[in-house]
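Here is a friendly walk through one structure, taking its helices and then its sheets. Keep the 3D view open beside you as you read.

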Amino acid sequence: MKARCVLTALGLVLWGCAGGAQPDAQPPPGGWSSAALYNLGNAYVRAGKPGLAVLNYERARLLAPDDPDVEANLILLRRSLALPADSGSRMSRAVGVLSPTLAAWFGVVGWALIAAALLSGRSPTLPQWVRRTAGIAGAVLIGFTVASGAALWPKLHEAIVIAGAAPVRVSPAPLGDALFTLKEAEAVTIAGEHEGFVLVRTAAGRTGWVWHADLVPVVPRR
Amino acid sequence: MKTRHVDCGRLLATFTACLVAASALAAAPVFNETLSPSQISIGESAELRIKSSGADTQRPKLPVVPGLEFRVVEQLQGVELIHGATLATMTTVIRVTPQIAGTFVIPEISSTAQPLILRVNPASFGGSSIMRPGIAGETPTGDIRMMEDDSAFVRVLADRREVYVGETVPIAIELGVRAGAVSSLNGLPTLAGSDLTLNDLSRQPDRKETVVNGEPFLLLTWHTLIAPVKPGDFPLIVEIPITIQLSTKPRREALLEEQLGDPFMQRRFGKTVRKNIKAVSPALDLTVGALPLEGRPPEFSGAVGSFQITSDISSGTAAAGDPLTLKMHVTGSGNFDRVDSAMLVHVEHWKSYPPTSSFKSSDALGFKGEKTFEQPVIASAAGPQVLPALSFTYFDPDARRYETVRTSPLSVVISASAADAAPTASSATSGTSTGLRPDRSTPGVFANSLVPLYLRPSFLAIESLLTAVLAGAWFRQRAAGPAGRGALLRERGLPRSMRLALTRMEEAARTGDGVRFFALARRALQETLAVRWQVSADQITSAEVDVRLDRDGDGLEIRRLFARADEVAYAGEAIRSEELTRWTEFVRRQAVAGLS
């Protein structure tokens with residue numbers, strides 16, 4: 001009976017990891033590939049569309065955060081546009097070397113270790129130090145997954161300006177003078193949406209409303 | 001006698017003088033004019049009282065002053081006794097209402113009176129001190145809906161009723177206030193509802209005097225823009241906060257006031273209170289349509305209106321490598337903030353840079369004007385070059401379709417230059433930048449989402465479910481109570497050989513190996529009893545057990561297990577799993593009991 005429960009739980013985890021995820025709102029045919037996104041970014045650079053180039057590099061970096069080519073081209077492009085480099089926090093750089101998918105599996109293994117440590121408390125044959133070690137290892141793995149999620153969370157709410165110059169307004173209406181203007185390829189954080197306008201926050205901390213067609217979220221919205 | 005004659009003569013002379021004086025008074029009427037107050041504001045009235053006394057107390061002729069309106073309100077007749085003579089008097093009360101601000105001289109009615117001065121200040125609305133007198137005229141009253149007390153009206157004028165999302169539509173908001181009935185304007189007009197947005201209203205409204213239904217009104221007009229934010233049918237309703245003056249007099253006096261006149265009489269009797277209200281305009285129904293998807297060019301930037309474009313270049317000749325400025329002028333009317341263009345993106349033999357734009361409005365609203373795009377371009381090859389035509393796409397709300405306007409190509413003669421051999425800039429947007437890492441030859445692994453696995457909803461749901469199950473199992477284990485935990489701890493205190501024997505028994509029970517199971521069980525009991533009886537385990541035989549143990553309870557069970565072990569060892573019969581489980585628990589219990 002216990003073995004059956006464990007198998008069911010494991011099956012659920014595997015289903016959630018492999019096939020349970022819903023696809024994005026507008027995935028390209030066949031899905032997303034870091035190599036394809038990287039090539040697309042290069043193509044947009046050559047076509048003189050830096051905004052779309054940065055967008056695709058950022059998407060490629062989501063799938064392959066440790067890809068040195070993506071990182072190099074992104075830095076080169078941002079430098080040529082006089083845009084600030086995306087340095088990120090120390091934690092994001094630390095956990096950025098690990099693929100998010102691998103971090104997810106770390107979490108699964110960590111969860112399994114903690115579950116085994118807790119539920120094996122009835123077994124008289126398993127030494128105490130084994131259970132403790134398993135519990136600590138599981139907690140460390142889950143902590144790594146949580147850190148990876150926390151580091152990636154801002155990137156999931158980021159958007160890239162694709163218009164030549166995107167006016168930022170004080171209200172979500174196409175009226176009046178702009179507060180300031182966003183440069184093409186600039187990254188902003190999405191804080192809200194209203195009737196075709198997007199509330200954004202820049203790296204400098206300034207906020208305002210931008211017409212939705214002037215930028216594209218790094219992760220497509222549903 | 002002489003003295004009496006003299007006295008009579010004096011009396012006669014005095015009487016005669018009085019008669020002469022009285023007849024003189026009776027012959028020429030005397031006028032007395034007073035004006036109160038002598039300083040008022042637009043929308044208020046002053047009171048002119050003309051008192052005539054004498055034999056001929058006719059109604060005085062009203063003065064004529066441009067910019068002032070005189071209206072007789074009432075006439076009061078009376079009798080006065082002057083020097084013993086009875087004189088009839090008549091007081092005419094005249095309401096003086098200014099049409100414009102300024103200083104007015106009211107001419108004297110007769111030579112005996114003095115001219116009066118009336119100073120009229122601009123209206124005191126909302127702290128505004130700017131008054132631009134307009135030409136007084138009659139305002140059409142067809143679409144005006146007065147407020148209940150006829151003190152004011154608000155209306156919205158728009159050229160078009162069918163508009164599109166993103167389009168900016170000029171409108172005029174009119175607030176008409178009746179003279180003396182509205183004391184202040186307490187804020188700017190606002191829209192009722194959130195389906196439309198209103199542009200900035202910080203500018204002063206236009207002001208002029210007008211006549212509505214025969215009554216003088218001050219008309220304030222704001223010119224502004226509205227922008228619909230979503231498709232649908234919406235009523236355009238404007239609200240303006242104002243303060244009106246209400247009469248608090250009894251009904252009888254109020255009726256008299258209605259007959260005699262209005263604010264002037266109200267102030268005369270001094271019975272008014274102020275009340276803050278919102279003047280609301282009648283609904284102007286707008287139909288907002290979505291921009292059609294069909295036929296929408298990919299370069300459409302959201303511009304809605306009517307536009308024309310022209311282009312020019314800073315110079316018709318240049319050396320290769322020299323920067324030129326290509327300009328595109330977009331003129332017309334519409335939402336200029338959505339007018340955008342990338343201009344030239346990639347042209348052979350030219351390097352182009354992202355354009356900048358500037359807007360110059362030709363009206364106060366920013367609805368009409370010219371937007372100029374300036375793009376630096378650099379020719380990279382000598383010879384006659386052609387900059388291709390520029391295009392701009394917008395949606396024409398009148399034609400209800402997308403329009404694309406184009407300029408003519410521009411010819412530039414480029415001469416050779418040393419700079420031609422050395423690119424002037426290494427822009428990433430030029431399309432010729434180097435330094436990029438090479439493309440990948442294989443597409444790699446595909447994923448169906450960019451969201452990390454551990455943040456996908458289904459994954460999180462399953463993990464949460466399993467965590468809840470785990471937590472439930474753990475709490476249930478803890479809920480087994482102190483006795484259960486105590487037994488567990490005692491079991492952990494068993495010697496390793498005993499715990500190993502119990503584990504092997506469980507394995508034998510799972511595999512159904514009865515012979516091995518009972519051999520292990522008997523051995524475990526032997527070791528347990530050996531500890532209890534302080535003898536060697538090998539000395540614990542069935543005979544020893546029969547001697548030392550009782551014939552009931554656990555003693556009986558131990559005897560049975562020893563006998564069962566012998567039977568199974570020799571007979572090799574199949575044992576049911578329930579029996580093996582029961583014996584496992586029995587042996588475990590005996591082992592734990594042996595500890596104590």
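Chain A has seven helices and eight strands. Keep in mind that this is a predicted model. Of the 222 residues of chain A, 43% count as buried. Among the contacts in chain A that link residues at least 6 apart in sequence, 59% join residues at least 24 apart.

**Helices in chain A**

The table gives the axis distances and crossing angles.

| Helix pair | Axes come within | Crossing angle |
|---|---|---|
| α3(A) (residues 50–63) and α4(A) (residues 68–80) | 10 Å | roughly 150° |
| α2(A) (residues 34–46) and α4(A) | 11 Å | roughly 25° |

How do α3(A) and α4(A) run, parallel or antiparallel? The axes of α3(A) and α4(A) cross at roughly 150°. Angles over 145 degrees count as roughly antiparallel, and that makes α3(A) roughly antiparallel to α4(A). Their crossing is left-handed. On the α3(A) side, the contact is made by A:Pro50, A:Ala53, A:Val54, A:Tyr57, A:Ala60 and A:Arg61, while α4(A) brings A:Val70, A:Asn73, A:Leu74 and A:Leu77. Sorted by class, this contact of α3(A) with α4(A) has eight nonpolar, one polar and one charged residues.

Now turn to the other pair. The axes of α2(A) and α4(A) cross at roughly 25°, and these two helices are therefore roughly parallel to each other. α2(A) also passes α4(A) in a left-handed crossing. Here α2(A) makes the contact through A:Tyr38, A:Gly41, A:Asn42 and A:Val45, and α4(A) through A:Asp69, A:Val70, A:Asn73 and A:Leu77. By class, the contact of α2(A) with α4(A) has four nonpolar, three polar and one charged residues.

**A closer look at one residue**

Find A:Leu55, which lies in helix α3 of chain A. Is A:Leu55 buried or exposed? With 26 other C-beta atoms within 10 Å, A:Leu55 is buried. Leaving aside neighbours within four places in sequence, A:Leu55 is in contact with A:Ile160, A:Ile162, A:Val216 and A:Val218. A:Leu55 and A:Ala159 are 104 residues apart in sequence, and their C-alpha atoms are 7.8 Å apart in space.

**Two sheets in chain B**

Strands of a sheet pair through backbone hydrogen bonds, either parallel or antiparallel. In chain B, one open sheet has three strands in the order β10-β20-β17, with mixed pairing. β10 (162–164) and β17 (232–236) of chain B stand at its edges, each with a single partner strand, so one side of each has no neighbour in the sheet. Neighbouring strands of this sheet are turned by 35° against each other on average, direction ignored. β17(B) and strand β20 (residues 284–289) of chain B run antiparallel and are joined by five bridges. The bridge partner of B:Leu236 in β20(B) is B:Leu284.

Another open sheet of three strands in chain B has the order β22-β30-β27, again with mixed pairing. Which strands stand at the edges? They are β22 (317–319) and β27 (383–387) of chain B; each has a single partner strand, so one side of each is left without a neighbour in the sheet. The twist averages 35° from one strand to the next. β27(B) pairs with strand β30 (residues 410–415) of chain B in the antiparallel sense over five bridges. In this sheet, B:Pro384 stands opposite B:Val413 in β30(B).

Key. Residues are numbered from 1 along each chain as its sequence is written. Chains are lettered from A and ligands numbered from 1 in the order in which they are written. This is a predicted model: local features need pLDDT of at least 70, side-chain atom pairs count only at pLDDT 80 or more; totals for chains, interfaces and linings use all residues. Axes are lines fitted to C-alpha atoms, for helices over the stretch in contact, and angles run from 0 to 180 degrees between N-to-C directions. Helices (H or I, at least four residues) and strands (E, at least two) are DSSP runs, numbered from the N terminus. Angles under 35 degrees count as roughly parallel, over 145 as roughly antiparallel, 65 to 115 as roughly perpendicular and the rest as oblique. A crossing is left-handed if the near helix is turned anticlockwise from the far one by less than a right angle, and right-handed if clockwise. Two residues are in contact if their C-beta atoms, placed from the backbone, lie within 7 Å. Ala, Val, Leu, Ile, Met, Phe, Trp, Tyr, Cys and Pro count as nonpolar, Asp, Glu, Lys and Arg as charged, and the others, Gly among them, as polar. Two strands pair if DSSP finds at least two bridges between them. A residue is buried if 20 or more other C-beta atoms lie within 10 Å of its own, exposed if 12 or fewer, and partly exposed in between; C-beta atoms are placed from the backbone.
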